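Here's a quick tour of one protein model. Have the sequence and the structure open as you read.

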Amino acid sequence: MSKHVVFGEDDYDQADSYPSTEAGPSYSSSYGHAQVHAQLETDLPGPSASAGPSIHPDRLALSGLTNGGDEPVKKKSKSEAQKNREKKKLKKRRKLEQAKKAAAPKNKEWKPDPVLEALKKSTGEISETTLVDVENKENDQPPAAGEPPIASGKVVETDKEKRRREKREKKEKRERKERRRLEREAKENGGSLQAADAKLTAGPANGADEIDVEMEDDLEGEERQGKDSGEIDNADAEGEGSDDELEDGQARSSSSSPPPLEAFPLPRLAPAPDAAVLARQGLPQGLQDAEFIDQNLRVRVDELEIPAAELTSAGGENTVLSDRMKRRLKETGVEEFFAVQAAILPHLLPLRLLPFPYTELHDYLISAPTGSGKTLAYSIPIVEILSKRVVTRLRALIVLPTRDLVVQVRDTLESLAKGTGLNIGAVTGQHSFAHEQSQLVADMTTPLLGGSSKLDILIATPGRLMDHLTSTPNFTLQHLRFLIIDEADRLLNQSFQNWLSSVLSYIRPPENPPKPSFGLKPWDKLDPAWLEAYGLEDRTGEWCDPIQSTCQKLLFSATLTRDPQKVAALALTSPKYYIVQSTSLPSVPTTIGEQFAFPSSLSEKMLILPPHLKPLNLIHLIHHAEYGVDRALVFTKSVEATDRLVRLLEYFEDAYVLGGGGGKRVVVKGYTGELKAGERKKLLAEFGDGKVNLLVCSDLIARGMDLPTVSHVVSYDIPLDMRKYVHRVGRTARAGREGTAWTLVEKQEALHFKGMMKTADHLKQIRKIKVKEDDLAGYRESYEIAMRRLREHFGRDA
Ligand SMILES: Nc1ncnc2c1ncn2[C@@H]1O[C@H](COP(=O)(O)OP(=O)(O)OP(=O)(O)O)[C@@H](O)[C@H]1O
């Protein structure tokens, strides 16, 4: 059986697509079908012609490609034939599309095209279009294995046809989608659905053919838009880069395209959000509405007033400060309140020891510069409120990052609470665990649901606090009225067995406290203070609201975080936020992250210098009258660096004084964590008395330390981050006193340091000072001697 080949529509398309086929195969019946096939395979570059569809010889005769095998098919001139083919294809395509539309709505059944039928009638033969129709109609019947693809008028669907059909289907899908969109738009704009319909099908006046062209143009336009706007091309766009694309292009160019549908708006870049807005994102409302307090605000102790509104809302007990407190303050030299105290005391002082049920209790966040008096701002109200207590329970917990700070705050509280009977204790790990336990609880043997406390106020470091919460029987936070987190930014960065979430879970009221009928002893209550006071122990009724926590959180820091994640971890209740700052600063925080507050009495300077000149420059700052660095804290990057610098300066002083360079010997000491508590205390006392001129230390030890006599701070090694800088320089210019902060910046660090300052909007506040090398000449000889001794001491090249 010979093979029958018809050079069908697609074959023409292919031939059109490849320039090398311009000559086209010569068709002669004398070749026989197999020969035609063979020739096609050899002539056509690109896809093998043998892969094209095969059509029954009867059809071949009908299609006019052969006259039945007797006469050779006339060979047309190349360009004319091509032209004709193109015209035919164009026409055919339009007809096809029209027929396809006629098959709407669901296109389930293919109806014969009337135009094609008329054509058939007039020509008296089946055109190629009809052949394709037949193919489309019957293409879901695959040929039996081994059979030639054509059998008695049935034509199988080739790959190409399948692609075209799929493309058609996709196009129809897009049309439907477009229709729905227009309908939606019409509805939104108050137009009618018919109008949308008309818009979609606009153009029938131009003839049915043009509808299809318009559609194609619009869809193309859509695809182009999609590409322009960075959308990922969908499958529709795929596989269109070959013959069909060429055809479409031809169709478009040969007809006048109607105006495309209104373009979709291209996505536009949203305007960048304001930095101030960004800084507030994710923060609770209370923190967004921060209240700004002028750093220079002062209120005389006698003149402190509590607004009537505060008295009412807090169910206030303390209308003014007690006489006893006034006396205590006078004794400690406090005659007027600093800004942070004047701002916060009117809110805290009226608070009740046992709040009324359903009173709105706020948490407070206070950001105030270093040395601005934050300790008194919380110590005064705690002592005033708790001094009304009858039974000793742990009602105030103050968490601080270092032992030294705990000692410092304990001293302040004890001096304020003198004569009140309040018990104040501390746990820092300085003493044995058993000793601390005995200071904390009265009874460790009887299991008591309400706990047992010897203290009213506890000051603790987070690590040791966690140890007691987990291991000290009857130690409980359930009666806590105030939780104070001082140096909050630093503490929030410390994990310590997840101390914060643990502490918060201990102060949360239990959902189902035991019923009184269990025979609990009167002191065995799990309920918070106000329930205890009002005897509302029974929480079993359905009407009961959840138990309200009566613990208020107060957070203080010079660099309070605005990191929403960290703020969320605090589980704040109706927070109020106070920012104490200089009036020259913007009243709305515009930076994202932390807010840094500096004392207004601080003067900041920096030296940018080669590393090897750092010691000599420090010596110059100490010895030159113009700078007079004395009573200074000198910060280094490590304990080792502290040790080396202390020795170098000691050796230098020996050589300089002996060599007659300068009068009094400067006393330099290292203040490190390696010293015992007693030694540190003694050293601080000597520094306070002026017996020690320079204390060299690292960041860890100096944080929050209140040394009123510090007049200079020197960052011998630059601080690693802005927070460290703030806390270093904050050791001077405290409580309104003058102070100077120096930073020795190595040349290669200058970019980083300045960048850090610029980011915090603080670079302008730092004056750049230059020291000439000639000015250092007088110290060189003694410095050489000191360096030699240092090398000898360390036994290696220093
Ligand atoms: N109203 C006041 N009048 C006089 N001195 C005060 C007053 N308030 C606080 N001081 C003193 O100011 C110094 C600094 O106070 P405090 O240590 O509370 O500051 P701070 O804001 O906690 O600083 P830091 O952030 O560095 O811990 C202390 O010596 C304190 O005694």
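## A β-α-β unit

Which handedness does the β-α-β unit made by β6, helix α18 and β7 have? It's right-handed, with helix α18 spanning residues 433–440. Keep in mind that this is a predicted model.

Strand β7 (residues 457–460) is covered on both faces: I457 and I459 are buried on one side, L458 and A460 on the other. On one pairing, β7 runs parallel to β5 (residues 396–399) through 4 bridges, and I398 sits opposite I459. On another, β7 runs parallel to β6 (residues 424–427), again through 4 bridges, with G425 facing L458.

## Salt bridges

The whole structure holds 18 salt bridges. Take R410 and E414, whose side chains meet at 3.3 Å, N to O. They're 4 residues apart in helix α17 (residues 403–417), so about one helical turn separates them. R410 is partly exposed at 28% relative accessible area, and E414 is partly exposed at 33%.

D717 and K614 form another salt bridge, at 3.0 Å, N to O. That pair links distant parts of the chain, 103 residues apart: D717 is in the loop between β15 and α28, K614 in helix α24. Both are buried, and together with E746 they're linked in a network of salt bridges.

Then there's D654 with R665, where the closest N and O atoms are 2.4 Å apart. D654 lies in helix α25 and R665 in the loop between α25 and β13, so the pair ties together parts 11 residues apart in sequence.

## Cysteines

A search of the whole structure turns up 0 disulfides. C551 counts as buried at 8% relative accessibility, and C697 counts as buried at 0%.

Note on methods: Residues are numbered from 1 along each chain as its sequence is written. This is a predicted model: local features need pLDDT of at least 70, side-chain atom pairs count only at pLDDT 80 or more; totals for chains, interfaces and linings use all residues. Side-chain values use heavy atoms; hydrogens and water are left out. A disulfide is a pair of cysteine sulfur atoms within 2.5 Å. Buried means under 20% relative accessible area, exposed over 50%, partly exposed in between (1.4 Å probe, protein chains only). Helices (H or I, at least four residues) and strands (E, at least two) are DSSP runs, numbered from the N terminus. Two strands pair if DSSP finds at least two bridges between them. A crossover is right-handed if, with the strands pointing away from the viewer, the path from the first strand over the helix to the second runs clockwise. A salt bridge is a side-chain nitrogen of Lys or Arg within 4 Å of a carboxyl oxygen of Asp or Glu.
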